[in-house]
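Please look over the sequence and the 3D structure below, and keep both at hand while you read the explanation that follows them.

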Amino acid sequence: MSKCPELKLGRDAAKALGLTARTLQSYVRRGCPHTPSPAGAMFDPADVRAWMEQSKLTGNPGRPAREESSELAAARLRKENALAAKYELAVAVERGELARIDDVKQDWLARITTTKHRLLGLPAAMAPTLEGLSAEAMAAMLRERITEALSPLDPGDDACGGGK
């Protein structure tokens with residue numbers, strides 16, 4: 001002899017299932033199994049649980065439970081890793097551990113421009129001072145002035161606003 005299902009009225013069924021009466025009513029509109037009666041809809045909790053499982057409903061507020069594809073999980077992980085890397089780079093820039101490429105380019109452009117102008121100005125500036133000097137004295141003076149002209153290219157020099 002088969003056992004007859006234990007039918008319950010809406011509030012009692014909702015309580016037995018750990019749901020609110022409002023949630024159970026919304027499930028009825030979505031196709032939850034029930035039996036109409038003059039006293040109100042009657043529910044077999046076992047049938048409702050099976051329907052909830054099949055419909056991937058948890059009874060909890062929010063989005064229904066759903067299975068996530070491996071591709072979606074991998075995409076979420078890539079996104080989280082990219083955001084973490086982006087944040088780590090921003091922190092390193094704030095700490096002064098990294099510099100933005102545009103700032104580095106601008107600094108070196110200023111250093112190279114300054115050096116170019118200093119080197120191109122050497123002949124006119126030095127010609128009068130070299131006259132009558134020995135070759136050794138000329139070489140020493142030129143070496144000193146060229147070294148001075150190249151100083152903006154020294155990474156330790158702050159002549160152009162950069163350096164260590």
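On one side of helix α2, Arg22 and Arg29 are exposed, where exposed means over 50% relative accessible area, buried means under 20%, and partly exposed lies in between, with a 1.4 Å probe and protein chains only. This is a predicted model, in which local features need pLDDT of at least 70 and side-chain atom pairs count only at pLDDT 80 or more, while totals for chains, interfaces and linings use all residues. Residues are numbered from 1 along each chain as its sequence is written, and side-chain values use heavy atoms, with hydrogens and water left out.

Helix α2 spans residues 21-29, and Leu24, Tyr27 and Val28 are buried in it. Seen down the axis of α2, these buried residues fall within an arc of 105°, so they line one face of the helix; the arc is that of the directions from the helix axis to the C-beta atoms. The cover over the buried residues of α2 includes α1 (10-17), β2 (42-43) and α3 (45-54), and after α2 comes Gly31, whose phi is positive, near 110°.

**The whole chain**

Stepping back, the chain has six helices and two strands, which are DSSP runs numbered from the N terminus (helices: H or I, at least four residues; strands: E, at least two). Along the sequence they follow the pattern β-α-α-β-α-α-α-α. Of the chain's 164 residues, 16% count as buried. Among contacts (heavy atoms within 4.5 Å) between residues at least 6 apart in sequence, 52% join residues at least 24 apart.
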